[in-house]
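This report covers a single chain.

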Amino acid sequence: MRKSQLWAGILSPPVALGGIAGAIFINRSWWRITNNAISDLGKAGLPHSWVMNVPLFISSILAIYYALGLFGEVKNTISKLGIGIFILGLTFLAGIAAFPEGTEPHYYVSWGFFTSGSLGFLITGIGLGLEGRQRFGVFTGVLFAVEVILARWAMERFNGVAIAEFTGVFAMLIWHYALLWTKAAAAINACCSVQRKHKI
């Protein structure tokens, strides 16, 4: 993976979350996490809707660029399939920004993002588990189960879907950064091993 792709993966989530946070601040007079959807912050015709939609689009492009680099980092077909589905989810994320709430495709791209993104990280995690990273595979399965349980509870408990949506978003982010951490740890271990050999 190129360094630029790694940096894209690191920076993508803060770009998206920064846009969402800014939109929440601007629309704090009426937007409520228990009564609204995240997409309400970027709906068509809303003043300053770009504050969320532009960062979401930029974030999705960065994330896709990073995820493309993951193909060379995995070995088996299951992992590659999962990454492909995850990239599809990121494409839907770009669609959320391009087709905001109030446009006909929005419902489909929104569901496409959460469904494809979650299934993508689950399948990738299973594939990585089969490659020998059993702990990461178990972690992925537990994270997915917790995401589904909490999202369903939030859908039934609150009038709005923002909490359920944030549950899905943060599950993907936790998995994403956990994978980055395992890659960083592996790189550090490899570097230390080389240094030990040179000392010997």
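## A loop residue with positive phi

The model is a predicted one. His48 sits in the loop that joins helix 1 to helix 2. Its phi is near 65 degrees. That is a positive value in a residue other than glycine.

## Overall fold

The chain has six helices and zero strands. In sequence order the pattern reads α-α-α-α-α-α. The radius of gyration is 18 Å, close to the 16 Å that the globule rule gives for 200 residues, so the chain is as compact as a globular protein of that length. The C-alpha trace spans about 65 × 30 × 25 Å along its principal axes.

Contacts across the sequence are well represented. Taking contacts with a separation of 6 or more, 70% join residues 24 or more positions apart. Buried residues make up 45% of the 200 residues. The chain exposes about 11,000 Å², and carbon and sulfur atoms supply 70% of that area.

Is Gly120 buried or exposed? Gly120 counts as buried, because its relative accessibility is 0% and the cut-off for buried is under 20%. Gly120 belongs to helix 4.

Which residues does Gly120 touch, leaving out those up to four places away in sequence? They are Gly82, Ile85 and Phe86. Another glycine, Gly84, is 36 residues from Gly120 along the chain. The C-alpha atoms of Gly84 and Gly120 are separated by 7.2 Å.

## The cavity

How many cavities of 30 Å³ or more does the structure hold? It holds one. The largest cavity contains about 380 Å³ of space. Its lining has 25 residues, and the closest to its centre are Ala16, Leu93, Phe113, Val169 and Leu173.

Helix 1 (3-26), helix 2 (50-70), helix 3 (77-98), helix 4 (106-130) and helix 6 (162-199) each supply at least two residues. Helix 1 gives the largest share, with six residues. By class, the cavity lining has 18 nonpolar, six polar and one charged residues.

## The largest pocket

The largest pocket has a volume of about 530 Å³. It is lined by 21 residues. Those closest to the pocket centre are Trp111, Phe114, Ala151, Met155 and Ala164.

Which helices each supply at least two residues of the pocket lining? They are helix 4, helix 5 (134-157) and helix 6. The largest share, eight residues, comes from helix 4. The pocket lining divides into 11 nonpolar, six polar and four charged residues.

## The two linings together

Helix 4 supplies at least two residues to the cavity lining and at least two to the pocket lining. Helix 6 likewise supplies at least two residues to the cavity lining and at least two to that of the pocket. Helix 1 provides the largest share of the cavity lining, whereas helix 4 provides the largest share of the pocket lining.

Note on methods:
Residues numbered from 1 in each chain as written. Predicted model: local features only at pLDDT ≥ 70, side-chain atom pairs only at ≥ 80, totals over all residues. Heavy atoms only, no water. 1 Å grid on protein atoms, 1.4 Å probe; cavity = no way out; pocket = protein on both sides within 12 Å on 5 of 7 lines; lining within 4 Å. Points joined across faces, edges and corners; volume = space filled by probe spheres on them. Helix = DSSP H or I, 4+ residues; strand = E, 2+ residues; numbered from the N terminus. Nonpolar A, V, L, I, M, F, W, Y, C, P; charged D, E, K, R; others polar. Rg over C-alpha atoms; globule rule 2.2 N^0.38 Å. Buried < 20%, exposed > 50% of the residue type's maximum accessible area, 1.4 Å probe, protein only. Contact = heavy atoms within 4.5 Å. Areas by Shrake-Rupley, 256 points an atom, 1.4 Å probe, with all protein chains shown as cover.
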